[in-house]
Amino acid sequence: MRLKDLEIYTSITIQAHDNPDADAIASGYALYRYFKSKGKKVSLIYSGRYRIKKTDLKLMIEKLHIPIKYRAARDEKIEGVLLTVDCQYGAGNVQKLNAENMAVIDHHEREISTAGLVGYEINPNLGSCATLVWQLLVSEDYPINDDKKLGTALYYGLYRDTNQFTELFYPLDRDMREAVATDKKVLHLLKNSNLTLEELEIAGIALIKYIYNNDFHYAIIQTKPCDPNLLGIISDFIIQVDEIYTCVVFNHTQEGYKYSVRSCIREVRANELAQFLAQDIGTGGGHAERAGGFLSERKYEQYYPVLHSEAYFGNKMNEYFESYDIIDLGKCKPDIAGMDMYESKKNNIGYVEAAALLPVGAQCVLRSLSGDMELLIDEGVYILVGENSRVRVTSKTEFESEYRKLSDSYGETLEYAPKLKVKDSADDIDLLDYMKLCTNKKITKVYAKQLTRGVKLFAPKSDEYMLGEIGDYLIADCGRTHSMSIVEQGMFGRLYQKI
Ligand SMILES: [Mn+2]
């Protein structure tokens, strides 16, 4: 959906979820500003049982002049269109108001049927709804940076929804964070008015009620209802305990369970663990050391109607640690027992010759779904874009020995188009504009076997593992060292065939 599509209505009511947080307020405010600029009759409201009482939110509303109003649930029909932000019309966390035309802008997993909506934009990959609204405003060429109040609101929405950016991982979230103009003074004030004395006590009580697992060295803590950012603060604290290698801190909210995950060992990436904990019933992600997630109440009830939440997290943690074998090639030799021989097929992927775009010596950041990567441009840098928009950087020599350039154009559309952000320049380079196609030159032979258990594979001298899930393939090259890697199940058939 484009925002333009909603401009057919003269009256637009924007509704944040009940008990609105910074993200809902910011998203609602940005949409309010947009539709106001189009001459619409706009109102920004929230409903539900409670009025906003958190200090940072009150300050946010006051300092940024956000015209959000409380509206008690009543039956009177909403004119024009009702647009729910950071929530979905009819979901459990937002008072259902009487309206004929409904639209949704949200970054949570889809909770409702979208059939009855006049429009919707839902992207659960994003750290905040503010990012989604920012993107919608950018695509309408709305001058977001003409007013720092707007940028400050969006920035703060993302800051709070990603646990002070520690659980931020999606590239578009980074783009928004860097693009908006903010008022540093107001941000400083808001950031330091987030917790209450009552929450200080909640943290204290939570800390003495930890559950510790001696076999896997993890801790689980449940807290009473509190600001979700407190979960991150508590986890940052307990991960420092010597015997605790990973931890999860969670609580129950209106919509489900919020949690923070931390890891301080190389065998566990917090973002993967956060994803594992959310399997089928929520979303999780972040970074290797810090991550977070959310379980939907509705799905939890459906999948685990009688399971206590503490037991859920305990069971899932044990399951995670029991699911993966570790192969550390720094400590043991590759074992090719039980593997069959395969040969590589032709495989076309995208490539960009970075030195053709930028002067040698330029410093930039390569941003993609694989994260941010620092890159110094020299004559030999090639950027390869393979399946799932994943990018890899290689040298000219390696590129030329492995690939042959094709004349066909790169026709793929990607979930997030990788870009180069050049230091001291505001203009990013969209790699899709320069992407060409190449294909692998040589037929290589490998040994491979399909995994019947999860594997974490460490290459010699590496602190980062490759993850293999059940069904993926463990492969070993046919050279003398049998160096190993993992290929995803869906990819394997496209890359190799049995001989
Ligand atoms: Mn949100």
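These legends describe close-up views of a predicted model.

**View 1. Four domains make up the chain in the domain assignment.** Domain 1 covers 3–191 and domain 2 covers 197–323. Domain 3 is assigned in two pieces, 328–343 and 443–498. Domain 4 spans 344–440.

**View 2. Domain 3 meets domain 4.** The C-alpha centres of the two domains lie 25 Å apart. In this interface, 11 residues of domain 3 are in contact with 6 residues of domain 4. Together the two domains bury about 690 Å², with 42% of that area on carbon and sulfur atoms. Met491, Arg494 and Leu495 supply 55% of the area that domain 3 buries against domain 4, more than any other three residues. The rule does find 3 residue pairs in polar contact across the interface.

**View 3. The face of domain 3 that touches domain 4.** The largest share, 4 residues, comes from α13. By class, this side of domain 3 has 5 nonpolar, 3 polar and 3 charged residues.

**View 4. Leu432 sits in a loop of the chain.** The loop runs between β22 (429–430) and β23 (436–440). Leu432 counts as partly exposed because its relative accessibility is 28%. Beyond its neighbours within four places in sequence, Leu432 is in contact with Tyr410, Glu412, Leu414, Ala417 and Pro418. Glu100 is 332 residues from Leu432 in sequence. In space, the C-alpha atoms of Leu432 and Glu100 are 41 Å apart.

**View 5. Helix α2 and its packing partners.** Helix α2 covers residues 55–63. Asp56, Leu57, Leu59, Met60 and Ile61 are buried in this helix. The buried residues of α2 pack against α1 (22–37), β3 (68–70), α4 (148–161) and α6 (184–191). Just after α2, His65 takes a positive phi of about 55 degrees.

**View 6. Helix α8 and its cap.** In α8 (residues 228–238), the buried residues include Asn229, Leu230, Leu231, Gly232, Ile234, Ser235 and Ile238. Their cover includes α4, α7 (197–208), β8 (218–222), β9 (246–252) and β10. Asp227 caps the N-terminal end of α8. A side-chain oxygen of Asp227 lies 2.7 Å from the backbone nitrogen of Asn229.

**View 7. Ser263 in strand β10.** The strand covers residues 256–263. Ser263 is buried, since its relative accessible area is 4% and the cut-off for buried is under 20%. A polar atom of the Ser263 side chain lies 2.8 Å from the backbone oxygen of Val268. The backbone oxygen of Ile265 lies 3.3 Å from a polar atom of that side chain. Not counting residues up to four places away in sequence, Ser263 touches Ile239, Tyr245, Thr246, Val268, Ala270, Ala288 and Glu289.

**View 8. Glu140 and Arg2 meet in a salt bridge.** Side chains of opposite charge can pair when their charged atoms come close. The N to O distance between Glu140 and Arg2 is 2.6 Å. This pair links distant parts of the chain, 138 residues apart. Glu140 lies in the loop between α3 (129–139) and α4, and Arg2 in the segment before β1 (11–16). Glu140 counts as buried at 11% relative accessibility. Arg2 is partly exposed, with a relative accessible area of 40%.

**View 9. Glu79 forms a salt bridge with Lys41.** The closest N and O atoms of Glu79 and Lys41 are 3.8 Å apart. Glu79 lies in strand β4 (residues 78–85) and Lys41 in strand β2 (residues 41–46), 38 residues apart. Both Glu79 and Lys41 are exposed.

**View 10. Asp463 forms a salt bridge with Arg266.** Their closest N and O atoms are 3.4 Å apart. Asp463 lies in the loop between β25 (454–458) and β26 (465–468), and Arg266 in the loop between β10 and α9 (270–277), so the pair ties together parts that are 197 residues apart in sequence. Asp463 is exposed, with a relative accessible area of 57%. Arg266 counts as partly exposed at 26% relative accessibility.

**View 11. One salt-bridge network.** Salt bridges that share partners join Arg174, Asp175, Glu178, Arg367, Asp372, Lys419, Lys421 and Asp428. The structure holds 31 salt bridges.

Terms used
Residues are numbered from 1 along each chain as its sequence is written. This is a predicted model: local features need pLDDT of at least 70, side-chain atom pairs count only at pLDDT 80 or more; totals for chains, interfaces and linings use all residues. Side-chain values use heavy atoms; hydrogens and water are left out. Helices (H or I, at least four residues) and strands (E, at least two) are DSSP runs, numbered from the N terminus. Buried means under 20% relative accessible area, exposed over 50%, partly exposed in between (1.4 Å probe, protein chains only). Contact means heavy atoms within 4.5 Å. Domain bounds come from an automatic or database domain assignment. Buried area is the accessible area (1.4 Å probe) that two parts lose on being put together, summed over both. A polar contact is a pair of N or O atoms within 3.5 Å; within protein, one must be able to donate a hydrogen and the other to accept it, and residues adjacent in sequence count only if both atoms are side-chain atoms. Ala, Val, Leu, Ile, Met, Phe, Trp, Tyr, Cys and Pro count as nonpolar, Asp, Glu, Lys and Arg as charged, and the others, Gly among them, as polar. A salt bridge is a side-chain nitrogen of Lys or Arg within 4 Å of a carboxyl oxygen of Asp or Glu.
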